[in-house]
Amino acid sequence: MSDTQPAPSVFGVADVSVRFGGLVALDAVSFAVGHGKVHGVIGPNGAGKTTLFNVCCGFVRPDAGTVLRHGRPVSPRPDELAGMGIARTLQGVGLFRGLSVVENVMVGADRHRKAGFGSTLLALPRSDRDERALRERAMAALAELGADGYAARLPGSLPYPVQKRVALARALASEPDLLLLDEPASGLGHDEMTELGALIRSLTARMSVVLVEHHMDLVMSVCDKITVLDFGKVVADGTPDEVRDDPAVIDAYLGEEATHA
Amino acid sequence: MAAPTKDTEVGVPPAAAGRFAAFTRRMPSSTLGKHALTLLVAFVVVVLVLELTGPFRNSQFATMAYYGIAAAGLTVLTGVNGQISLGHGALMAVGAYTTGLMLAAEIPLLVTMLGAMAVTAAVGAVVGVAAARLHGPYLAGATLALAVGLPGLAIYFDHWLGGEQGMRIPSPQMPAWFSDAIYFLSATEASSAKYLAYIGWVTLLVVLFLLANLMAGRTGRVWRAVRDDEVAAELAGIPLGKVRVLAFVVSAACAGIAGAVLGIVVRLAAPSGFTIVLSLGLLTAVVVGGLGSLVGALLGSALLVFLPPFVTNVGTDIGLDNTQAAQLAPFVYGAVLVLVMLLAPSGAVGVLKKLLKKLWIGRSTRRTG
């Protein structure tokens with residue numbers, strides 16, 4: 001499918017509100033991700049970033065508003081996202097601890113499988129072919145992130161930053177055109193974060209990225225646009241430079257620091 | 001692009017890895033080839049064992065066969081997919097009663113076994129749909145209800161199913177080619193115990209072959225993924241409900257076949273044969289053998305069959321009277337279970353793997369060193 005007009009957005013939400021009992025977690029939040037762009041979602045703790053991500057993935061149904069995919073309203077279940085070309089990484093790592101690294105990534109590539117239950121049951125040649133194809137996909141994704149040397153290891157035996165790379169490889173193995181990254185930099189050192197930033201920029205040739213992140217440096221350096229949330233409301237929306245100097249943003253963050261101090 | 005091979009497991013010296021590589025090169029490379037070869041070797045071993053043992057051992061092996069089939073199905077459900085079931089004894093009852101009804105209607109044995117499998121799989125699908133929404137203790141509770149409730153149906157429909165006394169199951173006729181083949185093989189008369197043992201073990205091997213295929217391929221990987229992290233699995237596009245129900249159906253199908261073999265071996269399907277004790281016995285067999293391993297399920301069911309009479313014999317040998325000796329068996333079984341949980345949580349298979357690994361490395365380092 002190719003839009004003749006410059007596509008307005010590959011993904012977004014419009015006027016999304018979520019209430020948990022009396023608490024308003026999100027209040028008429030909207031944002032839109034352009035094709036091949038990196039969109040940041042930031043805000044102090046409890047601003048509603050995670051709830052917003054969970055709405056995007058169908059884990060939370062919004063009380064009002066819609067999720068938009070290529071301009072059309074959708075309400076996918078979490079297991080339907082991959083089929084729509086959307087991949088998401090989890091806070092922490094969320095790897096399958098009983099599966100080797102390459103098997104983990106093969107699960108990520110699962111939507112490209114062709115062989116069914118019957119051919120696996122009888123171990124028909126087409127099942128072997130399918131497994132080889134999935135393994136190649138997984139190895140390619142691991143190689144891209146420099147983690148192919150760990151293919152046969154169990155995730156629990158690897159250092160945390162490597163685990164995070166494997167989790168990212170698992171998301172990339174589905175070959176999405178939209179990648180939702182939930183705090184990809186947590187637990188990483190300074191150099192690893194710089195590498196991650198470069199990697200995210202390089203992905204924009206193939207996909208759009210939504211990034212929920214705490215680390216300001218990373219967000220400011222990789223994002224094309226940023227949505228700032230505070231108490232469930234959008235307080236600013238624009239390029240990193242616009243957002244940086246916005247009084248509402250400074251207020252939100254300084255306010256948080258003041259309460260922490 | 002070639003995958004780099006720097007991921008050789010830590011701790012294994014290169015010589016061992018090299019020996020292993022040379023060994024695997026001589027093996028067939030396809031999953032079908034590997035598993036078919038293993039099946040063939042296993043069949044030869046089974047023939048040897050059954051021909052070298054008498055009718056008493058033969059009937060013990062037949063018993064082990066149906067425990068093994070059910071335990072293999074249960075280890076897939078509990079070990080691989082992470083769903084507990086305390087109701088597999090009841091599913092075996094479904095298989096056994098279906099077998100009884102179908103054999104009484106003079107339906108051929110093979111069709112009967114497939115029928116028992118299909119009916120039990122259908123029951124498993126219904127239970128599985130409920131199970132897919134339940135976790136941990138709730139799932140245990142629901143399947144426990146199945147174990148307690150389902151055999152009661154036989155009493156309620158006593159006109160069809162024989163009530164408390166149970167339903168007699170006609171023994172399948174031994175075909176002439178079978179006794180000819182046995183005579184050709186070992187120059188002995190084929191006993192009915194031997195025929196039943198062969199039915200049980202051929203069925204068991206076919207079931208293990210099919211389950212091993214599933215576990216080596218995509219289905220097993222997805223089952224394990226759902227067990228380890230359901231949110232991550234869901235985000236990879238895996239429908240949790242369908243995957244869990246499929247595991248339950250496959251597991252129930254095995255229980256159904258196990259019930260069919262039990263039916264023709266015991267020649268009786270009665271509610272007292274499918275109590276919660278059977279379900280718990282299967283679960284402990286799977287845990288003692290090594291959760292999630294087919295070989296473990298086999299070891300566990302061997303223990304289930306051979307340990308009690310062995311312990312009873314030891315009991316009488318050391319001078320206990322018969323009642324005391326009989327009471328010794330469940331005690332030892334319980335002690336074994338506790339010891340395995342404490343000392344070898346990965347079960348008998350885990351211990352075996354460790355030993356083999358040590359042996360393998362030890363031999364190759366001695367040779368090179």
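Helix H10 of chain B is mostly covered, since 18 of its 25 residues are buried, where buried means that 20 or more other C-beta atoms lie within 10 Å of a residue's own, exposed means 12 or fewer, and partly exposed lies in between, with C-beta atoms placed from the backbone. This is a predicted model, in which local features need pLDDT of at least 70 and side-chain atom pairs count only at pLDDT 80 or more, while totals for chains, interfaces and linings use all residues. Residues are numbered from 1 along each chain as its sequence is written, and chains are lettered from A and ligands numbered from 1 in the order in which they are written.

Helices (H or I, at least four residues) and strands (E, at least two) are DSSP runs numbered from the N terminus. H10(B) reaches 36 Å from its first C-alpha to its last, close to the 36 Å expected for its 25 residues at 1.5 Å a residue, the expected span being 1.5 Å times one less than the number of residues. Helix H13 of chain B, residues 240-266, can be treated in the same manner: its 27 residues should span 39 Å at 1.5 Å a residue, and its end C-alpha atoms are 38 Å apart, which agrees. H13(B) is mostly covered as well, with 23 of its 27 residues buried, and just after this helix Arg267(B) takes a positive phi of about 65 degrees.

In chain A, the domain assignment, which is automatic or taken from a database, gives domain 1 (8-85 + 178-261) and domain 2 (98-175). The C-alpha centres of these two domains of chain A lie 28 Å apart, and the contact takes seven residues from domain 1 and seven residues from domain 2.

Strand S7 of chain A, residues 178-182, has five of its five residues buried, so it is largely enclosed by the rest of the structure. Leu178(A), Leu180(A) and Asp182(A) point one way from S7(A), and Leu179(A) and Leu181(A) the other way. Strands pair if DSSP finds at least two bridges between them; S6(A), residues 86-88, runs parallel to S7(A) and is joined to it by three bridges, with Ile86(A) opposite Leu178(A). S7(A) also pairs in the parallel sense with S8(A), residues 208-212, over five bridges, and here Leu180(A) stands opposite Val210(A). Together with helix H6 (190-203) of chain A, S7(A) and S8(A) make a right-handed β-α-β unit, right-handed meaning that, with the strands pointing away from the viewer, the path from the first strand over the helix to the second runs clockwise.

Glu175(A), in the loop between helix H5 (160-172) and S7 of chain A, has a positive phi near 50 degrees and is partly exposed, with 18 other C-beta atoms within 10 Å.

Conventions. Contact = placed C-beta atoms within 7 Å.
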